[in-house]
Amino acid sequence: MNTTIGKFLGFLLFSWLVAAPVFTGAGKAHANWEAEWKKTVEAAKEEGQVRIYLSSNQNTLLIKSGAFQKKFPEIKVILALGSPLQRIMTERRVEKYVADIAFTGPGSLWQLYLAKVLDPVRDTIILPEVADESKWFNGKHYYVDKERKYIIAGVGNVDLGAIFYNTKLINPKDFKSFWDLFRPELKGKIISRDVRSQGPGSVTMRMFYHNPKLGTKFIHRLFSEMDITLFRNQRQGIDWLATGKYPICLFCSNSRIHFAKRQGLPVDSFGLMKEGAGLIVSGGSISVVKGAPHPNAAKVFINWYLSREGQIALQLGGGGTANSRRIDIPKDMVQPNRRPQKGVTYIDTETWDRISMEPVLKVLKAALAEADKRKKK
């Protein structure tokens, strides 16, 4: 018995000796982040300001809510509204270093990334609750760039496909799948915004293209077989739909549709289709500009923005239009149609390998060329 107890005690001692360095190491790591954070905040206070270039309304509302300023009153937030891409590139041409943070849509940040004027935003993350990727949708941070270090996004809004209908002419119960758009009676009855020009529909087209249940076959057939009428003037598209000239509109402006609906016009969205939906970043991606004059203040802001507190403030400030990718915060303030649901396939459309419209437009142009040949026969 004594031998058995001795062996057991020896095993416990051995286990403790092996584990002790691990716990000690964890304790040091904990102390290190706290010390680094305190040092960063103090340095940020000395810098006294952070200059943020942004163009998204939801980001403007977040800053103007005063949530960050209340937390860090010594760090003044200076906003530069407008296109961060144009402003920063113009400044770089004359070797001016003014911006600390670019806070906008992923498309603009992608161009800044390609121009090599961004520093790794991943290196600014200090707070453990931000670094812990289990707190985020799909168990990971969402980076636009392949290296997963330059462009991080806090927002993941659902894009249902931007397919709208005239409520007097179409029964939405007959449309559960995107493939239902191929009903024979709809041939020549569908309009679509021309996505060859910038605007609504590009995200949905990328979702179609990268969705294995749809893909190039769906896009090619839709635009080559269904005699779709293209438009570029959004007002015209809404007018055609609301008056019943055409019963279905692809890629009409979502905001204009909602406005028309509030005015009592017979228009609505089909909502979620069985093939799933896209996830979009909107203006919720953020990067550090290379050569930032207030690097510590930039770190403090980014850590705050990605924290629970910052992401809750984003959702509140956005009036329900912004859904945080953090899954450890309440979502009751987010519009239901913008929140991901369990069991639904979501296609992230703004990663480095999906953000380009070039392969999508190649398929579209071929389909439109085939449609023109059919009309001439």
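1. The chain contains 13 helices and 15 strands. Helices (H or I, at least four residues) and strands (E, at least two) are DSSP runs, numbered from the N terminus. This is a predicted model, in which local features need pLDDT of at least 70, side-chain atom pairs count only at pLDDT 80 or more, and totals for chains, interfaces and linings use all residues. Residues are numbered from 1 along each chain as its sequence is written, and side-chain values use heavy atoms, with hydrogens and water left out.

2. On overall dimensions, the C-alpha trace of the chain spans about 90 × 70 × 40 Å along its principal axes. Of the 377 residues, 47% count as buried; here buried means under 20% relative accessible area, exposed means over 50%, and partly exposed lies in between (1.4 Å probe, protein chains only).

3. On contacts, meaning heavy atoms within 4.5 Å, consider the pairs of residues at least 6 apart in sequence: 76% of these contacts join residues at least 24 apart.

4. Helix H2 covers residues 57–64. Its buried residues are Gln58, Asn59, Thr60, Leu62 and Ile63. The elements that cover them include strands S1 (49–54), S2 (76–81) and S3 (101–104), together with helices H11 (295–306) and H12 (308–317). Just after H2, Gly66 takes a positive phi of about 80°.

5. Is Leu61 buried or partly exposed? Leu61, which is placed in H2, counts as partly exposed because its relative accessibility is 36%. The C-alpha atoms of Leu61 and Gly319 are separated by 9.0 Å, although these residues are 258 residues apart along the chain.

6. Helix H5 comprises residues 106–114, and its buried residues are Pro106, Leu109, Trp110, Leu112 and Tyr113. These residues lie on the same side of H5 because they cover an arc of only 160° around the axis; the arc is that of the directions from the helix axis to the C-beta atoms. As background, an α-helix has 3.6 residues a turn, so residues three or four places apart point the same way.

7. Just after H5, Lys116 takes a positive phi of about 60°.
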